[in-house]
Amino acid sequence: MTARTKATPLGRLEPLPAGPRGVLIDCGTGEAARACYRALQARRVSGALEATDLIPGATTVLVDGVEEPELLAADIPDWVLGEESEPSGEPVEIPIAYDGPDIEAVAGHWGVSVEEVAEIHASVEYEAAFCGFTPGFAYLEGLPERCHTPRRDDPRKQVPAGSVGVAGAYTGVYPRSSPGGWQLIATMTNPGRLWNEHREPAALLVPGTRVRFVAVRL
Amino acid sequence: MSHIEILRAGMLTTCQDAGRAGWAHLAVPPSGAADRPSWRLANQLAGNPTGACALETTLTGCTVRAHRNVTVVVGGAPCAVTVDEHPVSWGQPVNLPAGSVIDAGPAEVGVRSYLAFSGGLHPKASLGSHSTCLLSGLGPAPLTDGDTIPLGPAPAHPPLPTQWPAPWAGVTEEIVLKLHLGPRLDWFAPDTVAELTKGVWTVSEHSNRIGLRLSGPTLSPAEGGRELPSEGIVAGSLQVPPNGQPILFGADHPTTGGYPVLGVVGPAAQAAGAQARPGTRIKFVPLPVPQWST
């Protein structure tokens with residue numbers, strides 16, 4: 001579980017140039033990047049920041065479409081993060097069946113049984129750290145370090161929609177069929193929930209969303 | 001009926017408007033017209049409001065039948081234009097009576113021509129944009145022969161008669177792009193800026209709206225084997241994967257990536273890149289990182 005207490009500052013933020021209208025803020029850690037993203041969102045809502053896009057990454061936030069990046073860049077190093085409100089509300093629950101083709105390989109990496117892979121994976125409360133790869137795909141953070149997992153040596157040409165994978169520090173669910181290199185441990189029963197462009201927001205798992213997986217049998 | 005019909009889609013013809021910026025945090029690429037200035041001007045000459053949806057062709061042009069009277073402007077990559085097989089002007093408003101056929105021929109130079117129809121095109125929208133995205137599959141699918149696309153209401157003010165041809169960026173066999181260095185310059189070997197200044201790259205065949213793959217001198221990392229955690233990418237980013245051959249990202253670029261970005265080209269250079277054919281030579285003029293980041 002990620003710690004949810006925030007009392008101390010999260011280190012120095014480093015602004016880097018990303019073209020004539022962009023600033024990439026290197027936050028050093030994932031935790032600082034989450035806090036920085038929330039701080040940027042709050043500034044945008046209050047009107048203190050105008051930007052086309054705020055794009056969280058693993059340990060960064062990219063601010064794109066700013067008129068005067070030098071002013072933002074001058075301000076950033078003075079920010080003290082750590083007091084932003086945590087994501088509120090109930091976590092989103094995602095029913096999945098632990099029947100993925102790589103679950104035995106993952107059990108080997110983690111040094112546990114197949115049943116324990118499911119127990120551990122379903123016991124964690126995750127946070128959608130950032131989205132990438134394809135619309136609606138969220139990199140979910142929260143697995144303990146001993147459960148960080150290498151990618152497959154040979155990526156699959158076709159991963160079915162709804163496949164739940166682990167790779168590096170993250171777990172995630174493929175919203176649609178696509179190539180992919182993550183180790184597949186489970187299947188989401190209703191992957192259509194992940195992305196619906198007629199819904200606001202279109203993605204179920206926007207950055208900052210808390211997530212829990214619930215084990216079901218198919 | 002108030003629509004157009006695609007008789008010949010050519011190699012790749014898509015619907016493009018201003019795209020869907022603002023959704024990158026959900027992994028939605030910006031998309032939109034690859035050569036913005038040409039697309040914008042074609043729309044203006046057709047009397048359309050800013051942001052109207054037009055056709056974007058790729059190298060081989062396209063052929064379209066109008067099912068109502070409509071004004072058309074063919075801009076972007078210069079090409080031969082005919083209406084019912086009679087030559088008409090490129091870069092100027094052309095009247096297309098209901099039932100007649102306009103053909104935009106193969107690009108004489110450049111890659112992408114734009115066909116702007118008065119009233120604009122109204123295919124299926126996703127997240128507020130009619131643009132086709134090749135990477136994510138959002139928006140209407142790339143067009144195929146026989147597709148029909150609804151036309152919007154004709155503009156209240158008909159297009160001004162004009163004798164001004166649409167200006168053209170004039171992409172030649174070699175283009176020079178200003179590259180704003182950063183964000184990850186320090187991930188590259190110390191001689192990288194010198195390499196960039198004297199090197200010449202060529203646009204590979206494996207280039208598309210997602211990006212131009214460039215072949216030429218290898219750009220080396222400062223330390224081998226280091227992995228960059230995934231981070232956001234802006235349009236125009238020059239990303240360098242482990243093989244050292246850079247990719248210049250275009251309109252349908254991925255929103256995040258795990259390889260370092262050496263520099264970013266601005267909007268004018270992105271438009272020039274969008275018109276660079278395979279084989280085009282590309283040189284870079286590196287612009288120093290701004291003072292605030294040193």
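In the predicted model, B:Ala27 is placed in the loop of chain B that runs between strand S2 (14-16) and H1, and its phi, at about 70°, is positive although the residue is not a glycine. With a relative accessible area of 4%, B:Ala27 is buried. The loop between S2 and H1 of chain B also holds B:Ser31, for which phi is near 55°, again a positive value in a residue other than glycine. B:Ser31 is likewise buried, its relative accessible area being 1%. As background to these backbone values, most residues other than glycine have a negative phi, and most peptide bonds are trans.

In chain A, the peptide bond that joins A:Glu200 and A:Pro201 is cis, with omega at about -5°, and A:Pro201 belongs to the loop between strand S12 (183-188) and strand S13 (210-215) of that chain. In chain B, a cis peptide bond links B:Gly182 to B:Pro183, with an omega of about 15°; here the proline lies in the loop that leads from S12 to helix H2 (192-198) of chain B.

Rolling a probe the size of a water molecule over the atoms shows where empty space is left. Two cavities of 30 Å³ or more are present in the structure, and the largest cavity has a volume of about 40 Å³. Its lining draws on both chains: A:Ala18, A:Leu24 and A:Leu62 come from chain A, while B:Pro183, B:Glu231, B:Gly232, B:Ile233, B:Val234, B:Ser237 and B:Val261 come from chain B. Sorted by class, the residues that line the largest cavity are seven nonpolar, two polar and one charged.

The largest share of the lining of the second largest pocket, six residues, is supplied by H3(B). In terms of residue class, the lining of the second largest pocket comprises 27 nonpolar, 15 polar and eight charged residues.

A further proline of chain B, B:Pro153, is situated in the loop between strand S11 (148-150) and strand S12 (174-181). Because its relative accessibility is 68%, above the 50% limit, B:Pro153 counts as exposed. When its neighbours within four places in sequence are left aside, B:Pro153 is in contact with B:Arg68 and B:Gly119. The C-alpha atoms of B:Pro153 and B:Gly119 are 5.0 Å apart, although the two residues are separated by 34 positions in sequence.

At the level of whole chains, the secondary structure of chain B comprises three helices and 20 strands. The radius of gyration of chain B is 20 Å, close to the 19 Å that the globule rule gives for 294 residues, so chain B is as compact as a globular protein of that length. Taken along the principal axes, the C-alpha atoms of chain B fill a box of roughly 65 × 35 × 35 Å. Of the 294 residues in chain B, 55% are buried, and its accessible surface comes to about 11800 Å², with 58% belonging to carbon and sulfur atoms. Among the contacts in chain B with a separation of 6 or more, 78% are accounted for by residues 24 or more positions apart.

Chain A, for its part, contains four helices and 13 strands. The radius of gyration of chain A is 18 Å, close to the 17 Å that the globule rule gives for 218 residues, and chain A is therefore as compact as a globular protein of that length. The C-alpha trace of chain A spans about 50 × 40 × 35 Å along its principal axes. Buried residues make up 55% of the 218 residues in chain A, and the accessible surface of this chain is about 9700 Å², of which 50% belongs to carbon and sulfur atoms. Of the contacts in chain A between residues at least 6 apart in sequence, 62% join residues at least 24 apart.

Conventions:
Residues numbered from 1 in each chain as written. Chains lettered and ligands numbered in written order. Predicted model: local features only at pLDDT ≥ 70, side-chain atom pairs only at ≥ 80, totals over all residues. Heavy atoms only, no water. Helix = DSSP H or I, 4+ residues; strand = E, 2+ residues; numbered from the N terminus. Nonpolar A, V, L, I, M, F, W, Y, C, P; charged D, E, K, R; others polar. Rg over C-alpha atoms; globule rule 2.2 N^0.38 Å. Buried < 20%, exposed > 50% of the residue type's maximum accessible area, 1.4 Å probe, protein only. Contact = heavy atoms within 4.5 Å. Areas by Shrake-Rupley, 256 points an atom, 1.4 Å probe, with all protein chains shown as cover. 1 Å grid on protein atoms, 1.4 Å probe; cavity = no way out; pocket = protein on both sides within 12 Å on 5 of 7 lines; lining within 4 Å. Points joined across faces, edges and corners; volume = space filled by probe spheres on them.
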